[in-house]
Amino acid sequence: MADRGRKSQPSKDEEKICINQTKLFEAVKVHQKALDDLVRVNSLFTVAVFVGLAFASPEQHNIERKKECDAGVHVAKRLVEYEVISFAFYLFSSLVAKSLKTHLFSYLLSPVTYDEINGASSKVLRGSLFVLSASTSIIGTVFLLCSMIDTIQLQLGKVTCKGIQTLNSVAVLIGVNIFALLIYIPYVVHAIVKSTRIFDILLPDKCPECHCLLRKTTCCQK
């Protein structure tokens, strides 16, 4: 009888490491919301891409009708090139963000352990996908900025003509966007660092009463 009682009690090595399901759900939702915001930003800039393509005409003349200041066919072709490249980066960024969001949702579909979520490989996967999505979004913004400069040249004349409207527009466009990126990039980096640690709040609990395989399933909830 004593032996039977000892067999029903799991040994120290058989204790299960479990996670709090409520905290897991909240952490996943916060992470997914950050990815949704990134996708919305990409969608907003994608609209600007198609607006810019509307001005990519080889017969486009500047408003002042100065032939020597016409940007020319090569600028119109370069505009299309920049717009397509920026669209490709935005699309890639959104798809990667959606892939990471789906991966996070998989945590809620089947029981997972603390080690499976906070292991080195899991953190590297989440962090690398977030970095890839954010960085390609920023690269797409740079190409979109270049395409907008070409749009200005098609409408107001080449920068080399030194028209006051052209120079003012280009200077404001570059200055404001660089300032915005200087604000945006540090916060994105901060969010990426936080995203790799967001699941650290799922402190493991010992659950000796659970009859499941060691470190293979979530045994208990609080």
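This is a predicted model: local features need pLDDT of at least 70, side-chain atom pairs count only at pLDDT 80 or more; totals for chains, interfaces and linings use all residues.
Helix α2 has 33 residues and reaches 48 Å from its first C-alpha to its last, close to the 48 Å expected at 1.5 Å a residue. Among its buried residues are Leu24, Val28, Leu35, Asn42, Thr46 and Val49, and the buried residues of α2 pack against α3 (73-109), α4 (114-118), α5 (120-156) and α6 (164-197).

Threonine 46, which lies in helix α2 (residues 21-53), counts as buried because its relative accessibility is 16%, below the 20% cut-off. The side chain of threonine 46 reaches the backbone oxygen of asparagine 42 at 2.7 Å, and, when residues up to four places away in sequence are not counted, threonine 46 touches Phe87 and Tyr90.

The structure holds three aromatic pairs. One of them joins phenylalanine 45 and tyrosine 90 in a tilted arrangement, 5.7 Å centre to centre with 35° between the planes; this pair links distant parts of the chain, with phenylalanine 45 in helix α2 and tyrosine 90 in helix α3, 45 residues apart. In another, the rings of phenylalanine 89 and phenylalanine 143 have their centres 5.9 Å apart and their planes at 15°, so the pair is stacked; here phenylalanine 89 in helix α3 is linked to phenylalanine 143 in helix α5, 54 residues apart. Phe89 and Phe143 also form one aromatic cluster with Tyr82.

The accessibility of the residues in these two pairs is as follows.

| Residue | Relative accessible area | Class |
|---|---|---|
| Phenylalanine 45 | 26% | partly exposed |
| Tyrosine 90 | 1% | buried |
| Phenylalanine 89 | 25% | partly exposed |
| Phenylalanine 143 | 24% | partly exposed |

Definitions and conventions: Residues are numbered from 1 along each chain as its sequence is written. Side-chain values use heavy atoms; hydrogens and water are left out. Helices (H or I, at least four residues) and strands (E, at least two) are DSSP runs, numbered from the N terminus. Buried means under 20% relative accessible area, exposed over 50%, partly exposed in between (1.4 Å probe, protein chains only). A polar contact is a pair of N or O atoms within 3.5 Å; within protein, one must be able to donate a hydrogen and the other to accept it, and residues adjacent in sequence count only if both atoms are side-chain atoms. Contact means heavy atoms within 4.5 Å. The expected span of a helix is 1.5 Å times one less than its number of residues. Rings of Phe, Tyr and Trp (its six-membered ring) pair if their centres lie within 6.5 Å; planes under 30 degrees apart count as stacked, over 60 as edge-to-face and the rest as tilted.
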